[in-house]
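Please keep the sequence and the 3D view open as you read.

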Amino acid sequence: MSIRFPHGPVVPEIGIGTWFVGDEPARRDGEIAAIRAGLDAGLRVVDTAEMYGDGRSEDLVGEAIAGRRDEVFLVSKVLPYNADAAGVRRAAHGSLTRLGTDRLDLYLLHWRGGVPFDETVSAFERLVADGDILSWGVSNLDPDDLAELPAGAATDQVLYNPIRRGPEVDLLPLLRGLGIPAMAYSPLEQARLLDHPALADLAASVDLTTAQLVLAWVVRSGDVLAIPKAGSVAHAQENAAALGVALPADVLAEIDRIFPAPRHPVPLEML
Ligand code: NDP
């Protein structure tokens with residue numbers, strides 16, 4: 001299964017998250033190895049943000065992808081309080097420097113703040129014109145926010161996993177209608193889902209690990225990209241092995257039974 005972005009790129013449905021990566025010097029080598037192992041195993045999207053560790057995540061990602069930039073679909077995010085015209089440019093160039101690259105594949109507004117969307121989007125469009133970013137998008141915007149956003153976003157990155165199914169009611173259909181993929185963050189609910197006994201049993205019944213089952217479920221529609229964070233080579237390889245896994249109907253039905261989808265709109269949740 002592949003995810004198609006409106007500006008052209010097609011990427012595998014599972015990527016690599018990097019929140020809290022780069023914070024602990026003792027874990028640095030393992031985290032770099034994990035990103036490289038994920039790329040070796042076929043993952044392409046690497047998601048970071050200027051916020052993560054005040055740039056430490058971007059620094060580490062830059063080191064991990066050095067020499068293999070062209071294999072990566074690189075995503076970073078601007079903080080809402082840097083999202084005015086001058087701030088976007090400054091923040092983007094800071095991210096490019098830390099990442100050791102001349103371009104981002106996708107640059108997101110991390111969440112909605114006080115700067116009018118028009119100003120942020122104009123600044124994004126100028127970065128596109130200059131070749132600093134190849135596309136722009138948003139994160140943590142609900143359908144009402146999206147209605148106010150000027151056209152042209154390549155994605156909305158939101159919290160989505162079996163216990164955060166609210167986006168299925170309104171947001172995911174809306175993005176589908178716009179022809180843009182969603183990015184699912186915290187797809188493993190920061191590992192909290194992995195202790196769920198019924199999920200573990202279900203995963204075992206189809207020879208998957210619980211993480212693989214959850215990831216295959218998150219991306220099942222073909223227009224949702226999951227970006228699990230893996231801090232070890234083993235976890236990165238395990239997650240990559242969920243690429244292309246199509247869950248049988250009875251497994252999907254059982255997940256619906258354990259984690260029923262809401263029937264009515266629920267406010268978009270954030271972590
Ligand atoms: P995830 O749901 O990706 O969970 C990460 C946790 O799961 C880590 O503890 C990791 O452990 C563990 N894990 C990963 N793979 C496995 C595996 N195969 N087996 C067992 N455990 C595993 O949480 P995140 O919050 O990190 O979300 C993913 C990414 O989404 C972030 O890193 C970030 O890039 C993005 N994000 C964006 C947000 C936004 O506002 N736009 C908000 C939150 C996240 P270990 O480290 O030991 O591998």
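This is a predicted model: local features need pLDDT of at least 70, side-chain atom pairs count only at pLDDT 80 or more; totals for chains, interfaces and linings use all residues.

Residues are numbered from 1 along each chain as its sequence is written. Helices (H or I, at least four residues) and strands (E, at least two) are DSSP runs, numbered from the N terminus.

**The sheet**

S7 belongs to an open sheet of eight strands, ordered S3-S4-S5-S6-S7-S8-S9-S10 with parallel pairing. Strands S3 (16-17) and S10 (224-226) stand at the edges with a single partner strand each, so one side of each has no neighbour in the sheet. Two strands count as paired if DSSP finds at least two bridges between them.

| Strand pair | Bridges | Direction |
|---|---|---|
| S6 (residues 106-109) and S7 | three | parallel |
| S7 and S8 (residues 156-159) | two | parallel |
| S9 (residues 182-185) and S10 | three | parallel |

Particular residues mark these pairings: Val 138 stands opposite Asp 156 in S8, and the bridge partner of Met 183 is Leu 225 in S10.

Helices link and flank the strands. S6, helix H4 (residues 117-130) and S7 make a right-handed β-α-β unit. From S7 the chain then crosses through helix H5 (residues 143-148) to S8, again in a right-handed β-α-β crossover. Right-handed here means that, with the strands pointing away from the viewer, the path from the first strand over the helix to the second runs clockwise.

Within S7 (residues 136-139), Trp 136 and Val 138 point one way, Gly 137 and Ser 139 point the other way, and all are buried. A residue is buried if 20 or more other C-beta atoms lie within 10 Å of its own, exposed if 12 or fewer do, and partly exposed in between, with C-beta atoms placed from the backbone.

Leaving out residues up to four places away in sequence, Ala 184 touches Val 158, Tyr 160, Asn 161, Val 218, Val 224, Leu 225 and Ala 226. Contact means that the C-beta atoms of two residues, placed from the backbone, lie within 7 Å.

Nine of the nine residues of H8 are buried, so H8 is largely enclosed by the rest of the structure. The cover over its buried residues includes S9, H7, S10, helix H9 (233-240) and helix H10 (249-258).

Leu 208 is buried, with 20 other C-beta atoms within 10 Å. Apart from neighbours within four places in sequence, Leu 208 is in contact with Ala 203, Leu 213 and Val 245.

**The annotated span**

An unreviewed UniProt entry places the feature "domain: NADP-dependent oxidoreductase" at residues 13-258; such annotations may be inferred rather than shown by experiment. That span is 41% helix and 12% strand, and its end C-alpha atoms lie 24 Å apart.
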